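Morning, everyone. Please have the sequence and the structure open while I talk.

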Amino acid sequence: MVDIAKVAVIGAGVMGAGIAAQVANSGTPVVLLDIVPRDLKEGGDRSAVAKGAIEKMLKTEPAAFMSKAAAKLVTPGNIEDDLALLADCDWIVEAIVERLDLKQGLYAKIEAVRKDGSIVSSNTSTIPLATLTGGLPARFAQDFCITHFFNPPRYMRLLEVVKGEATRADAIADVSRFADVKLGKSVVACKDRPGFIANRLGVMWMQAAVVEAFERKMDVEDVDQIIGRPFGIPKTGVFGLFDLVGLDLMPHVNASLAAALPEGDMFHEMNRPVPLVPKMIAEGFTGRKGKGGFYRVNREKGKRKETIDLATGDYRVTKKADVEAVKVGSRSLAKLFDHDSEAGRYAWAVMGRTLCYAALLVGDAADEIESFDEAMRLGYNWKKGPFELIDQIGTAEFVRRLEASGLPVAPILRTAAGKPFYQIVDGKREALELDGRHNVMTRPEGVLMLEDVKLASQPVLKNGSAALWDVGDGVACFEFTSKMNSLDPDIIALLQKSIAKVKRDFKALVIYNEGSQFSVGANLGLALFAANIAAWPEIENLIASGQQTYKALKYAPFPVVAAPSGMALGGGCEILLHSDAIQAHAETYTGLVEVGVGLLPGWGGCKEMLARWAKMPKLPKGPMPLLAQVFEMISTAKVAKSAAEAREMLILRPADGITMNRYRLLADAKAKALSMVEGYQPPEPPVFRLAGRSAAAALAMAVDGFWRQGKATDYDRVVSAAVAKVLTGADTDMLIELTEDDLYDLEREAFMGLVKTPGTLARIEHMLMTGKPLRN
């Protein structure tokens with residue numbers, strides 16, 4: 001076993017640069033090399049290509065770097081002068097153009113400088129591994145593999161890894177472990193076949209969807225609704241996905257697969273020309289990166305959303321899809337397929353063929369059905385993989401439909417013999433193997449999933465919005481279960497009960513869930529309803545109850561570790577601030593965003609940020625630098641776009657942890673909680689000395705400046721004044737010592753003052769209706 005301590009990436013294009021950025025995000029030094037610029041002038045920078053790629057990534061969205069500091073770990077260079085930099089690299093990733101001659105020429109140069117045992121991999125998805133290593137030394141072949149990343153490398157969690165006949169098992173194990181733990185990837189082992197798993201199946205799905213839609217003269221919006229929600233596929237559907245990745249890639253990918261796949265492969269049947277697509281590409285309608293694609297925004301007509309008519313090629317106003325078959329089949333794929341309409345027939349023509357193809361690939365692209373499901377979940381964002389969808393239909397029923405349609409029945413379907421691909425036995429999930437037996441699915445070492453805990457146990461406590469689970473070794477896990485994990489009275493009530501329960505029966509508490517978001521904050525719908533009926537005492541009671549519960553959490557006689565992933569906003573962020581420690585997934589987006597709906601943090605967020613920044617050693621002395629930092633964050637609703645940025649904002653403290661792989665988050669949080677048990681003491685309550693009205697006036701002047709520049713609205717001034725009043729302590733001065741409870745009182749008073757105003761109610765209503773903040 002070799003720990004990968006330094007990486008090199010050769011090729012600073014979109015993929016190569018993105019891979020290098022993700023390596024840097026893990027805290028690992030990385031060398032990024034590319035060619036010397038062809039138009040280099042005398043005295044020019046010979047490493048300008050790699051440097052330009054780094055600079056571009058620092059400016060463009062979505063951000064490749066989790067923090068600007070990570071970019072400092074990337075050393076740029078060129079392949080003519082700087083190959084010697086590879087000598088101390090443990091892993092060298094080739095990500096250059098898909099030309100065999102150029103790749104093999106580069107491999108020869110790499111072989112001459114790399115150290116013994118270093119691993120070399122290619123990011124190719126079109127050239128077989130055996131072809132890549134043909135004619136190269138045995139030393140190179142045994143250290144070589146394919147590591148196929150998905151774009152963008154920071155955000156796409158799938159990594160397909162392919163070994164050759166000569167590849168060392170240790171090399172695969174070392175790269176896979178590093179990719180898993182340090183890069184946050186879910187590693188799927190694939191065989192050396194064209195397109196591997198995700199792209200081979202995904203391209204087939206997309207091609208079938210497009211060809212069938214054109215030949216059936218269907219509307220684009222209807223297709224994306226049919227292919228989307230019923231199958232757990234993102235609402236972009238297939239045409240929206242083409243626009244996202246670029247229509248101009250379509251012919252190249254199809255041609256590459258068609259050339260590589262054997263005669264008789266099912267893909268060839270669907271690889272039929274679609275005349276409108278070449279015309280769209282030629283005219284610059286290549287998707288979001290071009291003038292539009294199947295969908296576009298017509299800026300000449302007031303940013304009107306338009307959709308192309310597949311029959312005429314003309315754009316028209318985008319309609320709202322309302323397909324009857326989708327309504328009927330929303331809970332039953334069989335009902336969708338059986339619906340006597342073009343939509344029902346289309347759904348089977350596309351998805352029946354796609355799932356059929358997935359079954360045919362078992363034993364070819366990979367042997368394990370779970371590899372296909374993971375590849376499509378993470379590579380194409382399907383909620384369920386192909387074999388999970390077949391289970392939803394029923395294997396026997398699926399075979400019957402294939403036979404009735406004249407589609408081939410794969411051997412794995414015959415092997416299943418009507419049994420499900422996945423089953424639960426004694427609280428453990430089992431998967432069907434090639435030999436027809438179901439075997440227990442095991443997680444990698446260091447992975448603990450709450451979904452597994454749920455299979456084998458019942459919650460310790462539960463209500464409609466939350467649950468408490470025993471995750472072993474004396475650790476309890478508090479889970480939000482409401483829509484988007486928004487915080488409501490039921491969650492607050494169960495958290496209060498859970499604190500008492502953990503005190504009696506457990507050693508520590510982890511706050512964690514496996515939803516797409518940790519928590520989007522308080523339930524605004526409930527707040528608006530209560531405000532509309534003037535139920536002010538109920539709202540104030542909820543604020544007071546939340547404050548008391550968060551305070552009890554902070555001073556509980558056991559360690560509390562918050563383990564966020566996705567969005568942790570508003571009240572969700574305040575949960576983090578009141579925990580003893582945070583173990584955050586790297587892709588955690590957190591901040592106190594209440595001003596966006598005309599409110600301010602009411603559950604202790606203001607006072608916790610004051611306490612955190614007061615301990616900042618490098619902050620200039622005096623009250624204003626502290627106030628300015630916290631005021632800016634809260635009054636602008638600043639959100640950290642990664643856990644690394646959250647650390648820069650002091651939402652995460654230096655001792656808090658960051659987990660790169662989402663699957664490892666609960667285990668890491670549990671380990672952190674257990675490490676704190678022995679000798680645990682609750683934190684000392686903070687005291688505050690705040691500057692009062694004079695400081696509030698100074699902050700108001702700053703806001704007025706932004707207002708005069710048009711950067712702040714009239715109502716921003718109102719909300720900011722309330723924030724300033726809390727942060728400066730209202731009627732106080734630096735000689736008066738304020739307690740936590742004093743700050744809670746100020747937060748609650750300011751919150752109630754805002755929630756009763758029309759400006760705030762308008763912001764809440766607008767956010768609920770549009771999902772966007774109102775600039776009133």
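Helix α8 passes α15 in a right-handed crossing. A crossing counts as right-handed if the near helix is turned clockwise from the far one by less than a right angle, and left-handed if anticlockwise. Before I go on, this is a predicted model: local features need pLDDT of at least 70, side-chain atom pairs count only at pLDDT 80 or more, and totals for chains, interfaces and linings use all residues. Residues are numbered from 1 along each chain as its sequence is written, and side-chain values use heavy atoms, with hydrogens and water left out.

Names next. Helices (H or I, at least four residues) and strands (E, at least two) are DSSP runs, numbered from the N terminus.

Back to the crossing. α8 covers residues 220–227, and its axis comes within 10 Å of the axis of α15, at an angle of roughly 60°. Axes are lines fitted to C-alpha atoms, for helices over the stretch in contact, and angles run from 0 to 180 degrees between N-to-C directions. That angle makes α8 oblique to α15. The cut-offs: under 35 degrees is roughly parallel, over 145 roughly antiparallel, 65 to 115 roughly perpendicular, and the rest oblique.

Who touches whom? From α8 come V223, I226 and I227; from α15 come A343, Y346, A347, V350 and M351. Contact means heavy atoms within 4.5 Å. The residues of this contact are eight nonpolar, no polar and no charged. Here Ala, Val, Leu, Ile, Met, Phe, Trp, Tyr, Cys and Pro count as nonpolar, Asp, Glu, Lys and Arg as charged, and the others, Gly among them, as polar.

Now a second pair. Helix α7 (198–215) and helix α10 (249–260) have axes that come within 11 Å and cross at roughly 120°. They are therefore oblique to each other. Is this crossing left-handed or right-handed? The α7 and α10 crossing is left-handed. N199, R200, V203, Q207 and V210 of α7 meet M250, V253, N254 and L257 of α10. That contact divides into five nonpolar, three polar and one charged residue.

H339 sits between α14 (333–338) and α15 (342–361). Leaving aside neighbours within four places in sequence, H339 is in contact with E324, A325, V328, G344 and R345.

Sheets now. Strands of a sheet pair through backbone hydrogen bonds, either parallel or antiparallel. Two strands pair if DSSP finds at least two bridges between them.

β12 and β13 are joined by four bridges, and V425 stands opposite K428 in β13. In their hairpin, with two residues between the strands, D426 takes a positive phi near 55°. β13 (428–432) and β14 pair over three bridges, with L432 opposite H438.

Another open sheet has seven strands, in the order β15-β16-β17-β18-β19-β21-β23, and its pairing is mixed. β15 (461–462) and β23 (657–659) are the edge strands. β21 (581–585) runs parallel to β23, joined by three bridges. Q583 stands opposite G657 there.
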